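Subject: The structure, and some notes on it

Hi,

Here is the structure I promised to pass on. Please have it open while you read, as my notes follow below.

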Amino acid sequence: MAFSRRGFLGAAAGAAAGTAFGLSRGRAMSRLIADLDFAVYPPGGPETFALSVCRECPGGCGTRVRCIGGRPVKLDGNPLHPVNAGRLCPKGQAALQALYHPDRILRPLRREGRRGDPDSFRPADWDEALAEIGVRLGLLRKQGRPEALGLLRGPDAGLDEALAGRFLAAFGSPNDLVQHGGSEAPALAAQASQGIRRAPVPDLGEADLVLSFAGDFLDCPDSPVLMTRAFGRFRRGRGGRRGRFIYAGSRESLTASAADEWVPIRPGSEGLLALGIASVIVAEGLYDRAFAIRHLAGFEDGPDGSPGLRRLLLTDFGLDRVSAATGVPVNWILRIAREFAAARPGLALGPRSGQQLAASLLGHLGAAVLNGLCGSIDVAGGVLTAGPGPLPAWPDLPDDPVAAAGRGRARLDRAAAGELAAADPGALAAAILAEEPYRLEALFVLGCDPAWVGPAPEAFAAAMAKVPLVVAFASLPDRTALLADWILPLPHALETWACHFGPADAAFPVVSLARPVLTEPLGDVRPAGEVFLELARRLGGPVAEALPWPGMPELIRDQIGRLFAARRGAIIGTAFDEAWVRLMERAGWWAPGYRSEEELWNRMLETGGWWDPFYDHQDWQRVLRTESGRFELRPDLIAELDRQAALRGAGRVEGEGAAGDGSLAVHLFEPLALAGGRGAHLPFLQEILDPDHQEKWETWAEIHPETAAELDIRDGEPVEVRSGQGSVLARARLTERVVPGLVALPVGQGVPHGNHWTPAADGNPCALLAPAREALTGLPDAAATRAGMVGRERRRMRQEA
């Protein structure tokens with residue numbers, strides 16, 4: 001295929017406008033998917049602009065859409081939106097490629113052949129899909145087994161997701177699970193210390209010093225733009241006051257490269273280092289004594305003689321032990337401890353390498369201890385606790401003995417079995433395979449791909465085969481969708497009404513509102529909320545009574561009415577508007593900028609949404625909900641986690657044999673472009689996977705040059721990384737960005753079957769993960785996985801010889 005200069009530039013412009021352009025590099029579902037064959041240049045017509053909400057990640061940034069002749073051709077940030085203030089991250093800029101993607105699923109698909117085979121699906125219509133699903137669900141209700149329905153959804157905070165949870169509760173199932181592995185450990189740490197099971201919010205922009213224990217808040221936050229804006233303020237946005245940033249981790253991530261100092265540590269030793277630093281602060285009396293007296297619990301020994309945190313730190317987390325376990329010199333630990341204690345405020349962050357990748361509870365408890373000792377709890381520049389959402393709770397469910405009995409059954413993932421039991425799709429998969437405590441008969445999957453990105457993808461894929469009815473909501477044929485019985489196509493954010501709640505990274509509540517930008521969707525697609533409303537109508541009775549809205553526009557309008565009744569917050573606006581609202585609310589006045597529900601609705605559509613910028617610091621009744629009413633340091637929990645980690649050998653890199661025998665520590669991470677397991681199908685994002693590497697459409701494996709020399713691995717060489725659970729083919733990249741004895745691989749790249757642009761993947765890094773779990777929480781044990789690496793060509797040559 002030849003292009004003139006004009007033709008090439010036209011194709012590039014068309015790609016920027018969302019035109020599908022490129023050669024097929026994998027198996028596409030062309031037989032089933034409508035051909036989105038748009039002209040290179042947009043059709044003629046007037047230039048118009050509309051507001052919308054980006055849904056490429058959980059951030060929910062406000063967007064301003066440029067249209068030509070009614071066709072979206074460019075996305076920019078909404079300058080009034082408090083999350084992004086006119087900016088967009090690369091994912092937001094690439095959202096048009098998702099709208100016009102040639103592999104988009106534009107009609108319901110019914111599987112009639114082998115699971116996982118793209119050719120096993122046939123087109124269907126919505127009546128057929130909803131009729132079959134409705135009959136199967138109705139049978140579960142008639143049998144008195146509503147608990148046999150499950151829902152696994154991603155971390156998005158939209159009204160569709162909230163309505164899906166409402167449907168499950170009304171149906172009578174306790175199995176409403178959210179796959180958000182990166183937030184589980186910090187939420188459990190907050191549960192232990194504050195009595196609130198929600199990840200704390202770092203007030204990054206107001207901190208003086210940030211100490212991150214492998215917390216990649218710039219690589220894989222829920223809201224990349226919000227965190228980047230906060231980091232910019234932290235660095236240079238406060239009138240000459242520049243924050244200092246220290247990063248301790250085993251890989252120099254994008255976040256670490258932005259730090260003043262990267263402290264290389266052994267994998268899995270983040271919690272030990274945090275507690276070692278805390279030990280120095282306590283031993284030298286550098287902690288905030290006034291805050292400790294008023295608000296800390298568990299610092300001194302208990303009345304029964306049980307050790308308090310002071311004794312535990314001084315006896316079990318001494319400098320010699322911590323230095324030997326982490327690889328950090330003693331004088332470095334002393335210097336960092338003194339520096340952190342001197343900062344007011346200092347902010348400690350626990351480990352995070354992905355939205356879907358679990359971290360250790362000990363690492364987050366260590367960060368919480370540092371924040372507690374230095375008085376960085378609920379102060380500007382410390383860790384904040386987001387208040388309740390802006391909307392009142394859903395109305396009470398109608399009386400329904402069948403649903404009440406079902407909700408009373410145990411959750412399949414056992415997340416409610418104890419104070420610190422984690423929600424985990426791997427535990428769900430194990431329960432499905434074992435059919436304990438009961439058999440799962442139907443499963444909805446919304447906004448996630450657990451058979452590809454997650455702690456146990458192969459186990460989840462096997463579990464799906466045991467569920468008689470699996471329904472996947474999807475826009476593209478990811479692996480989980482191809483293993484389902486039904487694929488129900490979702491609209492793009494520009495094709496539907498949007499009501500999105502603020503990201504978990506924000507301490508302030510936000511409600512974004514937008515009408516469809518396109519007058520008609522590009523295919524026969526429906527929002528998930530519309531599907532659940534229709535299923536409720538078909539089931540009838542109490543389920544229909546619990547979901548009475550005719551459609552999503554009516555539900556959204558009802559939610560805005562409830563927002564008006566809440567009598568708080570204001571229409572999003574300029575910086576002056578924000579300052580005025582803060583000032584009035586601090587004085588006890590409400591200055592919303594609207595006088596009626598109708599005016600609120602119209603103003604939200606004009607500006608993009610509503611928010612409440614006021615944060616009430618040190619409202620201890622809201623922030624500390626423990627039995628003691630204090631910030632619990634939990635020395636008992638720390639001691640038990642440390643004991644378990646010691647038994648597992650956490651933080652140990654050196655193996656019994658050579659590195660090729662399986663003694664390499666494995667570190668998985670989500671690059672910004674692929675965070676949350678989204679984005680691998682978009683060419684624009686493939687161009688920016690990593691600033692140090694040139695890989696596109698393939699997986700790479702980072703390894704230190706010293707380790708590569710031991711293994712006789714060359715830079716750029718195809719290699720096989722193999723653990724006891726699986727293997728992945730990758731391209732070796734020799735770099736000093738990782739510590740010796742470690743192999744680091746990105747998560748989210750590729751799909752097993754390929755698509756229009758993407759070749760079939762050569763394995764899945766998530767399949768390397770060991771099945772080990774923390775005994776106390778059930779969280780995946782990230783430090784347990786060991787792998788070997790070997791060059792593929794030399795291995796083949798040795799085998800042939």
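A word on terms before the pocket: on a 1 Å grid over the protein atoms alone, a pocket is an open set of points where a 1.4 Å probe fits, with protein on both sides within 12 Å along at least five of seven lines, and lining residues have an atom within 4 Å of a point. Grid points are joined across faces, edges and corners, and a volume is the space filled by probe spheres set on the points.

Please bear in mind that this is a predicted model, in which local features need pLDDT of at least 70 and side-chain atom pairs count only at pLDDT 80 or more, while totals for chains, interfaces and linings use all residues. Residues are numbered from 1 along each chain as its sequence is written, and side-chain values use heavy atoms, leaving out hydrogens and water.

The second largest pocket has a volume of about 930 Å³. It is lined by 33 residues, and the closest to its centre are Asp203, Arg233, Phe508, Glu578 and Arg582. Two or more lining residues come from each of β8 (201-202), α7 and α22 (575-586); helices (H or I, at least four residues) and strands (E, at least two) are DSSP runs, numbered from the N terminus. With five residues, α7 gives the largest share. By type, the lining has 20 nonpolar residues (Ala, Val, Leu, Ile, Met, Phe, Trp, Tyr, Cys and Pro), eight charged (Asp, Glu, Lys and Arg) and five polar (the others, Gly among them).

Next, the backbone. Two peptide bonds are worth a look: Arg344 to Pro345 is cis, with omega near 5 degrees, and so is Glu436 to Pro437, with omega about 5 degrees. Pro345 sits in the loop between α13 (330-342) and β13 (346-349), and Pro437 in the loop between α16 (425-434) and β15 (442-446).

Ala214, although not a glycine, has a positive phi near 60 degrees.

Best wishes
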